[in-house]
Amino acid sequence: MYASRTTQLIVGIFAILGIVALAVLSLSLGKISLFPPPGYTLYASFDNISGLKVGDQVQLAGVQIGKVVNIGIKDYRAQVAMRINDGVKIDDQAIAAIKTSGIIGDKYVSIQLGPGDHYLADGDTIQQTQSAFVLEDAIGQLINNSGSSNSSNNGNSVNSGNSNCNCSDTTAKKPEKSAK
């Protein structure tokens with residue numbers, strides 16, 4: 001026997017409601033928002049973002065104020081685009097740092113406000129950044145340093161006798177382009 005038109009209509013409505021409920025559940029579990037909150041975009045360039053990904057949080061004083069919306073390369077550095085919620089003002093001397101939740105947790109961008117008098121607007125760049133701490137690199141340096149402390153220096157002094165010298169090379173060198 002065939003179902004009446006009323007029964008077909010009721011089954012159709014329940015099928016559509018089931019599909020809509022499944023779509024809403026998928027979007028909420030995937031943390032995807034169809035309508036992002038109003039805000040503005042700021043950029044920051046880092047030497048190393050190690051594990052930061054699109055959708056990660058942007059925090060100020062431990063409170064989420066936005067999220068990472070895009071990651072790319074610009075001038076041989078990782079450029080991170082962050083969507084900051086309306087009503088949150090970031091000054092021009094703020095510091096953006098990549099931090100980790102826990103020992104091996106998710107990465108996020110932490111903003112520390114500075115003493116600046118001017119606020120950044122949509123499309124501006126945070127000038128002061130601090131790259132991610134990479135545990136593997138630190139362990140590698142520790143292993144290399146402990147191995148080299150037992151080897152000789154061939155008579156060359158690294159510190160030139162000045163124990164107060166802060167002699168770190170802060171110039172960044174760009175990789176040379178190969179000729180094709």
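F14 counts as exposed, because its relative accessibility is 59% and the cut-off for exposed is over 50%. The model is predicted. F14 belongs to helix 1, which covers residues 5-29. F14 also contributes to a nonpolar surface patch of about 530 Å², together with L9, I10, I13 and L17.

Charged pairs come next. How many salt bridges does the count give? The count comes to 2 salt bridges. Side chains of opposite charge can pair when their charged atoms come close.

| Pair | N to O distance |
|---|---|
| R77 and D47 | 3.0 Å |
| D56 and K53 | 3.6 Å |

In the salt bridge between R77 and D47, R77 lies in strand 4 (residues 77-85), while D47 sits in the loop between strand 1 (39-46) and strand 2 (57-60). The pair therefore ties together parts that are 30 residues apart in sequence. R77 is partly exposed, with 28% relative accessibility, and D47 is exposed, at a relative accessible area of 62%.

The other salt bridge joins the side chains of D56 and K53. Is D56 buried or exposed? D56 is buried, because its relative accessible area is 8% and buried means under 20%. K53 counts as partly exposed, with 43% relative accessibility.

Note on methods:
Residues are numbered from 1 along each chain as its sequence is written. This is a predicted model: local features need pLDDT of at least 70, side-chain atom pairs count only at pLDDT 80 or more; totals for chains, interfaces and linings use all residues. Side-chain values use heavy atoms; hydrogens and water are left out. Patches are made of residues with over 30% relative accessible area and no salt bridge: like charges are joined within 9 Å, nonpolar side chains (Val, Leu, Ile, Met, Phe, Trp, Tyr) within 5 Å. Accessible areas come from the Shrake-Rupley method with a 1.4 Å probe; for residues, only the protein chains shown count as cover. A salt bridge is a side-chain nitrogen of Lys or Arg within 4 Å of a carboxyl oxygen of Asp or Glu. Helices (H or I, at least four residues) and strands (E, at least two) are DSSP runs, numbered from the N terminus. Buried means under 20% relative accessible area, exposed over 50%, partly exposed in between (1.4 Å probe, protein chains only).
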